[in-house]
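Have a look at this one with me before we talk it over. I've jotted down some points to check as you turn it around.

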Amino acid sequence: MMNRDLPVVRLQGVFKSFGQVRAVQDLDLLVPQGAIYGLLGPNGSGKTTTIRILMGILGADAGEVALLGAPPHKTRQSGVGYLPEERGLYRRMKVMDHLLFLARIRGISRGDAEARARGWLERLELTAWSGRRVEELSKGMQQKVQFIGTILHDPALLILDEPFSGLDPLNQDLLEIIVREFQAQGTTILLSTHLMDQAERLCDRVCLMAGSRKVLDGELRELKRREGRGVVAIDFQGPSHWVNGPEVVSVQSLGHGGEASSHSIRVQLHPGANAQALLVRGVDAGVRIQSFSVVEPRLHEIFVRYVSRNGWE
């Protein structure tokens, strides 16, 4: 059993390039046991390359990598469940045969594998499809089959790269519930996703990557507290032209009140901007401000702030 004081994932000084392109630079990462850890970032930021390095699919050019306290090649087979961004099912195999194959290469007995597979197929409403070829399933069904294959051996560490891709909202909710259940039983989850709302609901800690580097890392609650100075919620009556000013990054309308002139908005400010300047401008414009408060930012707003601040796409 792994020492609970050791991080489940540890990267130190990891560097990876492809020719002249630097994919990951000077990356340090610690994922504590039992966490749901979000690996976030825009396309091309280095998330998938980082995960492939963790899984030993790619070798780092420099730095140290450990999973469950050992090099990846020693732990990834038995201790890790990996759902890659590129799906890899054998399309002509039947669903149950496919799951049994995946379980057997993990060292699970056939009887145990069948029982586990049938239980998960029922949980994810795929029992009626167990005897069908994978190619006959919809994209969302195939995604659920691959997810089952990832968790059949009850891994200590789950690495999920865009696990909600191709799923409808109901099945996204179901997978969220299952991920939380795994965390409750002590499993550590490393989650890469571009869906900020889901990351915010699920993750205890997050790492934001951009331009191949880590730009933000820590406990989500603490990061939101620290970044909370730049978002203001305002309810007011009157014209709205005054909201647009040099300290404003973006304005989101949350709807109108009972009257056409009533507004409820959420304003994101530039770093270091004075929210009081916005309030004064509203008063000077003659609007009736009913509420004005600095609020906790959403993860999406923090993400946009850091990406746009540095000009990354």
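1. Ground rules. This is a predicted model, where local features need pLDDT of at least 70 and side-chain atom pairs count only at pLDDT 80 or more, while totals for chains, interfaces and linings use all residues. Residues are numbered from 1 along each chain as its sequence is written, and side-chain values use heavy atoms, with hydrogens and water left out.

2. The main core. A nonpolar core here is a set of buried Ala, Val, Leu, Ile, Met, Phe, Trp, Tyr and Cys residues joined through side-chain atoms within 4.5 Å. Buried means under 20% relative accessible area, exposed over 50%, and partly exposed in between (1.4 Å probe, protein chains only). The largest core has 48 residues, and Trp-120, Phe-147 and Ile-189 are among those with the most contacts inside it.

3. Another core. There's a second, separate core of 25 residues, including Val-24 and Leu-157.

4. A link across the chain. A salt bridge is a side-chain nitrogen of Lys or Arg within 4 Å of a carboxyl oxygen of Asp or Glu, and by this rule there are 17. One of them joins Glu-135 and Arg-92, at 3.5 Å from N to O. The two sit 43 residues apart, with Glu-135 in the loop between helix H4 (110–123) and helix H5 (139–151) and Arg-92 in the loop between S5 and H3. Helices (H or I, at least four residues) and strands (E, at least two) are DSSP runs, numbered from the N terminus. Arg-92 counts as exposed because its relative accessibility is 57%, whereas Glu-135, at 31%, is partly exposed.

5. A link within a helix. Arg-180 and Glu-176 also pair up, with their closest N and O atoms 3.6 Å apart. Both lie in helix H6 (residues 169–184), 4 residues apart, or about one turn of the helix. Is Glu-176 buried or exposed? Its relative accessible area is 3%, so Glu-176 is buried; Arg-180, at 34%, is partly exposed.

6. Two more to find. Lys-214 and Asp-217 form a salt bridge, with the closest N and O atoms 3.2 Å apart. Asp-112, Arg-116 and Asp-154 are linked in a network of salt bridges.
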